[in-house]
Structures are given as structure tokens and as C-alpha cells.
Amino acid sequence: MPESARTATVAVLDYPGPSMPARTKSVLLGDDRFSCTYPLELHLPNTTSLPEYAAAVGDNIGERPDVVVAYCAAAPIAREVARRFAMTPRLVLVNPEVPGADRVIRELASFLAGDARPTESEDRRAAAAWLADGADPDRLQQILGDQHLARLEDQFGGPQPHLRPIALQLATMQIAWIHHLAAGAGGPTDGATSTAIADEHHLVSADHRCEPDCTARHEVFGESAEEIFSGRRLADAVAAAGSRPVPDRG
């Protein structure tokens with residue numbers, strides 16, 4: 001088989017939340033040019049630490065892939081994962097973002113506020129305090145779980161035995177998303193999360209361009225993210241990245 005036609009091993013970092021369809025997966029699925037793994041579908045790490053999160057993702061990947069593909073806020077996690085291999089995989093990042101600490105606080109504050117009222121300053125303070133105090137997932141699950149349980153009991157007219165497991169599952173899903181964002185934020189002094197590594201390729205939409213000083217290679221695929229995922233150009237770019245040899249960092 002010629003080198004250009006070989007099957008590339010690809011690790012896809014697509015967050016599997018219910019409101020976020022795995023669009024990268026849908027583009028690559030069934031393409032015989034790739035052998036894909038989806039480490040975030042196997043396990044969502046239970047930590048806000050970027051090194052620990054990336055280590056868990058790397059364990060789920062196993063052997064070094066030819067390419068790591070990541071979408072949006074998974075970009076800094078993909079960089080950290082790639083650095084863990086002696087031979088750095090090619091990185092293809094789609095509309096990459098580095099979520100700031102303020103975004104993490106806003107997202108968590110909105111969960112604490114719930115659906116019944118707008119987010120208030122006290123929610124933001126509670127979110128910031130939880131992160132500063134060690135981000136204990138058990139404490140947060142208790143808070144969010146009780147909140148969901150109260151809402152469900154109100155909807156169903158009172159306590160019912162099947163509601164608590166549902167409430168805890170909803171809380172678990174929210175906490176997993178906060179861990180993902182917080183790990184991507186990487187901490188205020190971790191410049192590695194926002195610095196492109198060698199031969200990094202960014203596929204961006206016109207409404208989501210990188211900063212002018214970004215050192216990665218760039219291609220603009222349409223006006224919005226929807227256009228990136230509507231054709232075969234993303235799959236072709238991943239195939240091209242997978243066909244190129246990767247030098248050992250020594």
C-alpha cells in the first residue's frame with residue numbers, strides 16, 4: 001500500500017456531552033483512511049488539573065496515534081496529550097479555544113443558578129470559591145444533585161424513588177463539563193495551553209479566527225463551524241496530516 005493510502009491512526013477529542021453532537025466523529029466515521037479512537041467517550045477525567053486530565057486521556061489512547069484531532073476547548077488538552085509522546089503526533093485543531101478561568105466560573109455559576117433564575121454575583125462567588133478550594137467533585141455533586149432533585153420533585157408533584165438517581169446523573173454531567181473546561185484553562189500561569197507546538201494545523205471558520213500572533217498553520221473553512229463539518233475538507237486535512245512522517249524529538 002502506498003504511504004499516501006495507508007490507514008492513519010487518529011485520536012479524536014470530541015466532548016461527548018448531550019448538547020454537543022460529536023461532529024468531528026461524524027465526519028471521520030466510516031472513512032477507511034482512518035482508524036479512530038475516541039478517548040473522551042471512554043472516560044471523562046475527574047480532575048481540573050491539565051496534566052492529570054491529559055494523562056488520563058493519554059492512557060485511553062494507548063499507543064501514539066499519527067494525528068490528534070480536537071475541537072474547540074479540547075485544543076489545550078490535545079496539546080498536552082501530544083507532548084506526552086516521544087514522537088509528537090500531528091495536531092489538527094478545529095476552531096481551537098483556550099477557555100479562560102472566567103468562562104469556567106460563568107459556566108459553573110449558571111449551573112448553580114439553575115433554570116429558575118438568572119445567574120447572580122453570589123453564584124459567581126460560590127463558583128470561584130469551589131475552584132479555589134480544591135474543586136471537590138463530591139461536594140459539588142451534592143449541591144447540584146440536591147438542586148436537580150428539588151426541581152424534579154416539583155415537576156413530578158413530590159418525592160419519588162427514581163428521581164434521585166436522575167438528579168445525580170444530571171449533576172455528574174455538569175461536573176464533567178466543568179472539569180473539561182477547567183483543565184483546558186490550565187491555570188493562570190500555564191502558557192503551554194495557548195502556545196502552538198511544532199507543525200500544528202488549525203482549521204478555522206471565518207467567524208472564529210485565531211489571534212494574529214498564533215504560530216500554527218491555518219486554513220479557513222467557510223464562514224462558520226457548520227461549514228467545517230458539512231463537507232469532506234476536514235477529513236482530507238486529517239488524512240494529509242496522517243500521511244506525513246513525524247520526526248522524533250530525541
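In this predicted model, Val10 stands opposite Val67, a residue of strand β3.

**Strand β1 and its partners**
- With β3 (residues 67-71), β1 pairs in the parallel sense, over 4 bridges.
- Strand β2 (residues 34-37) also pairs with β1 in the parallel sense, again over 4 bridges.
- On the β2 side, you'll find Ala8 opposite Phe34.

**Where two helices meet**
- Helix α5 spans residues 101-113 and helix α7 spans residues 137-156; they pack with their axes 9 Å apart, at an angle of about 45 degrees.
- That angle is why α5 counts as oblique to α7.
- From α5, Leu108, Phe111 and Leu112 come into contact with Leu140, Ile143, Leu144 and Gln147 of α7.
- Sort the residues of this contact by type and you get 6 nonpolar, 1 polar and no charged.

**The whole chain**
- The protein chain has 10 helices and 6 strands.
- It runs to 250 residues, and 44% of them count as buried.
- Take the contacts with a separation of 6 or more: 63% of them are between residues 24 or more positions apart.
- The chain's accessible surface is about 12,200 Å², and carbon and sulfur atoms account for 53% of that.

Technical notes. Residues numbered from 1 in each chain as written. Predicted model: local features only at pLDDT ≥ 70, side-chain atom pairs only at ≥ 80, totals over all residues. Heavy atoms only, no water. Buried < 20%, exposed > 50% of the residue type's maximum accessible area, 1.4 Å probe, protein only. Contact = heavy atoms within 4.5 Å. Areas by Shrake-Rupley, 256 points an atom, 1.4 Å probe, with all protein chains shown as cover. Axes fitted to C-alpha atoms, helices over the stretch in contact; angles between N-to-C directions. Parallel < 35°, antiparallel > 145°, perpendicular 65-115°, else oblique. Nonpolar A, V, L, I, M, F, W, Y, C, P; charged D, E, K, R; others polar. Pairing = 2+ DSSP bridges.
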